[in-house]
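Hi,

Here is the structure I promised to pass on.

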Amino acid sequence: MANSKSNVQSQTLNTCDVAIVGGGPAGAALATFLARDGHHCLIFERSKFPRYHIGESLIPHTHGTFKRLGLLPGLEASNFPKKYSVRFISPAGRTSSPFYFSERISGQGAQTWQVERSEFDQMMLNHASQNGAEISSGAEVTQVLFKDGCATGVRIAQSNLEPCEIQARIVVDASGGATLIGRQLGLRSAIPDLKKASLWAYYQGGVRLEGIDAGETTIFRIAEGGWFWYIPLPDDVVSVGVVASPEYLFADGNDKETIFLRQVELCNSLAERLASAERVSPIRGGQKELAYINRQTCGNGWLMIGDARAFLDPIYSSGLFLALASAEMAAECVHLALESNDVSATVLGRFEPELTAGVGVIWRLIHAFYDPEFSFRKFVERFPKQRGALIDCLIGDVLNKDFSEFIQALAQMTPPPVLL
Ligand SMILES: Cc1cc2nc3c(=O)[nH]c(=O)nc-3n(C[C@H](O)[C@H](O)[C@H](O)COP(=O)(O)OP(=O)(O)OC[C@H]3O[C@@H](n4cnc5c(N)ncnc54)[C@H](O)[C@@H]3O)c2cc1C
């Protein structure tokens, strides 16, 4: 990996333009854009890549960012299954017809991928490095440093080395669910309305559909508003995960294996797909409060991107899209701040209203999904003109668009969430 440093050497690396906490997709994308603009970016990543990560299904509106990053050739050459559609299966086993992204998008962008994250994240981080970002692997940021309310750098811990401090003009928190700044400044809070837990595992030999449906995401709805994902990955492996309220999922105890296998058994149409498959992983997950938000996401000298900002719910596979979109939008503001020598929250946070509005639409739709009185079929029957807007949300086309009519229509069938 070019420019990769396994240890921070304080003599050579004690200052930079941008210190990025976390080398996941958000951090790697931001660093690529900024390094290309000539800014000295340091990514601190506490793990050694390749490392495992959940979150394997992309949605089509990542295409533009991948193109601008220059990652499409790598994705095209990969063995990641191509994803053209999503399909929903009801608790009674009724199958919706596949919803093909080509209904709303023409050309190459109507297809996306199901990615194995260890490989995908490594690809993205290598790309950041090839574009000039410096990577410190095995380097954990333990604290963001502040002076007079402005972030000034980071403190780093690495095994077998003395802790050191790196000065930076801007600190970007891309630490994912670790939410480094959110925790340090006490900004993070759970979203009680979206309190969900998840358990998942990997199987080999599960049923694969034919032709362009082979890479689809299938969502199996289960009791109590819960659901399973079924995401085909390379090498005949499929990622299978359940999401439901922790009260329902953990009602009879905390043994992950017992709970997960029982839920698979209860979901007949999923159990059929896995009848001849072999489980090839332990049961993972088990965290009981997936959703959180930060009440402030940018300040003087710092900002948050990707999951470090917020995580709502896995249902629409919007996590990676939001990680990439927030990174690209933030990169423009960081560039502007560095060029104008003004790292104030006003400059760094210019991208936030557009992003927050887009996230708000997704949040609204997640809330509707979990309303037992609401159904998308009934919604589209009553408001046929809103079908396009609904699909736009599912493919991630939510930024810089007016969804007010759609939101008003939704409000006639399901109450809005309590925004924190
Ligand atoms: C159950 C579940 C299912 C999901 N399914 C999907 C899906 O199908 N599709 C989808 O798009 N999204 C999905 N997601 C969400 C997706 O995983 C995330 O949105 C995505 O990984 C966010 O990328 P990121 O770069 O912001 O954070 P991450 O990918 O989490 O990267 C953060 C990086 O920061 C590093 N780090 C953390 N703290 C520090 C520190 N102090 N110092 C240095 N490094 C640090 C971590 O090691 C990590 O590598 C799912 C999430 C869950 C919980």
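At what angle do H2 and helix H5 (residues 117–130) pack? The angle is about 20°, and their axes are 8 Å apart. Axes here are lines fitted to C-alpha atoms, for helices over the stretch in contact, and angles run from 0 to 180 degrees between N-to-C directions. Angles under 35 degrees count as roughly parallel, over 145 as roughly antiparallel, 65 to 115 as roughly perpendicular and the rest as oblique, so H2 and H5 are roughly parallel to each other. The crossing of H2 past H5 is left-handed (the near helix is turned anticlockwise from the far one by less than a right angle; clockwise would be right-handed). Helices (H or I, at least four residues) and strands (E, at least two) are DSSP runs, numbered from the N terminus.

Before you go further: this is a predicted model, where local features need pLDDT of at least 70, side-chain atom pairs count only at pLDDT 80 or more, and totals for chains, interfaces and linings use all residues. Residues are numbered from 1 along each chain as its sequence is written.

Now the ligand. It has 37 residues around it, and the closest are Gly24, Gly55, Gly176, Gly306 and Gly319 (near means that the C-beta atom, placed from the backbone, lies within 6 Å). H2 (25–36), strand S3 (41–45), strand S9 (140–147) and helix H10 (319–340) each bring at least two residues to this shell, and H10 gives the most, with four. Domain 1 (4–54 + 118–190 + 292–350) and domain 2 (81–114 + 196–285) each contribute at least three; the bounds come from an automatic or database domain assignment. By class, the shell has 15 nonpolar, 17 polar and five charged residues (Ala, Val, Leu, Ile, Met, Phe, Trp, Tyr, Cys and Pro are nonpolar, Asp, Glu, Lys and Arg charged, the others, Gly among them, polar).

Most residues other than glycine have a negative phi, and most peptide bonds are trans. Phe49 and Pro50, though, are joined by a cis peptide bond, with omega about 0°, and Pro50 sits in the loop between S3 and helix H3 (63–69).

The loop between strand S15 (227–232) and strand S16 (237–244) holds Asp235, whose phi is positive, near 60°. Asp236 is in the loop between S15 and S16 as well, with a positive phi of about 65°. Asp235 counts as exposed because it has 8 C-beta neighbours inside 10 Å, while Asp236, with 13 other C-beta atoms within 10 Å, is partly exposed (20 or more is buried, 12 or fewer exposed, in between partly exposed, with C-beta atoms placed from the backbone).

Cheers
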